[in-house]
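Please consider the structure shown below. The explanation that follows leads through it one region at a time.

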Amino acid sequence: MKINRLSVFQKNLPLKDPYWLSGGRLKFEVLDATFVKVETDAGITGWGEGTPWGNTYVPAHGPGIRAGIETMAPALLGLDPRQVEHVERAMDLNLPGHLYAKQPIDMACWDIMGQAFDLPIADLLGGKRSTGTPAASSVSSGEPDYMLDIIKSYRDRGYVAHSAKVGGSDTDKDIERIRHLEANRLANEILLYDVNRSWTRREASIVMNAVADLGVTFEQPGETLDDIAQIRSVTTSPISVDESLVTLQDATRIARDGIADVFGIKLNRVGGLTKARRMRDVAIAHGIQIFVMATGGTAMADIEAAHLAQSIPDAFIRACWSCQDMLTVDIAPGSGQRCVNGLITIDDTPGLGIVPDEALLGEPVAVYQIG
Ligand code: MG
């Protein structure tokens, strides 16, 4: 089987509400999404989506995905998409780094492999759990009552996991937010306090030590792994790392040096399922739990994350973010499994199990083909 055509589509995805990160430092209103259609000489077609969370959050760039695919396309045409590690090496050889540009291609190859072997991707990744994965909401930073109202709106839809955005120079405000949300947390709820790198070491020490009695988990409380390792040495709260978990080498360092207790694996950031499954295995081998997420995007991106989440044992999976609920558009109405009552599951449809409506994507912005 050979890849004989790559078609690239661009779509703006407006958010239902403006979204604030890092204590109001970063604002987001629309996401720039790239969809990739990979066709083969066997008549099997795979789809991928790459949607960074804007271009100010981490080093990822919507137009950069399209430029990266243009650079890599000549090396991809003619490859067997079922051989995902051959495809991975071709991408890494022709465009070192730029992992966010590789993820949608990798995703489409896994979709094709699943269809070729008549299995959902979660089964190709080692085996699908029968239990679903809790969907995690993403709670924009703001006043404590505003944040609690967002949690309540998701709670009404069955969500039990929430990633509450904190961080900023007002440490008293962060302490107030965390104590208020914890005082109103239900017994079965999972709350993660996501700092998104915005604290200095001093601020992290002040807030984390002030609420140490609560035993809550903080995500990415500093900018770098060196910062988090130092914060770790002066605090006791559990720590999750996501923005600083980019490569397999990051994963092995975090595990070896005991920098964090939880991995936040974001598929677009780490370059797709082929690379993410190795991080999953490092985590499980070292007693590290896992959040799985798209960096953003539609139900397609969420389903890719759900396949990986469903391949992780119950004892290790924390939750899987569902971004689709935050968007005003759905590019695959009527297709694919959706988050139901706060639970994400994967059915037995081979491959990814979701196909976009091409009429909603418009004309491709680029097509690369053999001949
Ligand atoms: Mg995070």
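**A helix pair, a metal site and the cysteines**

Helices H5 and H6 cross in a right-handed sense. This description, like everything that follows, refers to a predicted model. Helix H5 covers residues 144–155 and helix H6 residues 171–183; their axes come within 9 Å and cross at roughly 35 degrees. On the side of H5, the contact is formed by Pro144, Asp145, Met147, Leu148 and Ile151, and on the side of H6 by Lys173, Glu176, Arg177, His180 and Leu181. Of the residues in this contact, five are nonpolar, one is polar and four are charged.

The next region is the metal site. A magnesium ion has Asp194 (OD), Glu219 (OE) and Asp242 (OD) as its protein donors, at 2.1 to 2.2 Å. Along the chain, the donors follow the spacing D-x24-E-x22-D. Glu219 belongs to strand S7 (residues 217–219), whereas Asp242 sits in the loop between strand S8 (239–241) and helix H9 (248–257); the pair therefore ties together parts that are 23 residues apart in sequence. Glu219 is buried, with a relative accessible area of 1%, and Asp242 is likewise buried, at 0% relative accessibility.

The cysteines remain to be considered. How many disulfides does the structure hold? It holds zero disulfides. A disulfide requires two cysteine sulfur atoms within 2.5 Å. For Cys323, the closest cysteine sulfur is that of Cys320, and because the two sulfurs are 11 Å apart, they are too far from each other for a bond. Cys323 is buried, at 0% relative accessibility. Cys109 is buried too, with a relative accessible area of 1%.

Key. Residues numbered from 1 in each chain as written. Predicted model: local features only at pLDDT ≥ 70, side-chain atom pairs only at ≥ 80, totals over all residues. Heavy atoms only, no water. Donors = N, O, S within 2.8 Å, 3.2 Å for Na, K, Ca; no water. Helix = DSSP H or I, 4+ residues; strand = E, 2+ residues; numbered from the N terminus. Buried < 20%, exposed > 50% of the residue type's maximum accessible area, 1.4 Å probe, protein only. Axes fitted to C-alpha atoms, helices over the stretch in contact; angles between N-to-C directions. Left-handed = near helix turned anticlockwise from the far one by under 90°. Contact = heavy atoms within 4.5 Å. Nonpolar A, V, L, I, M, F, W, Y, C, P; charged D, E, K, R; others polar.
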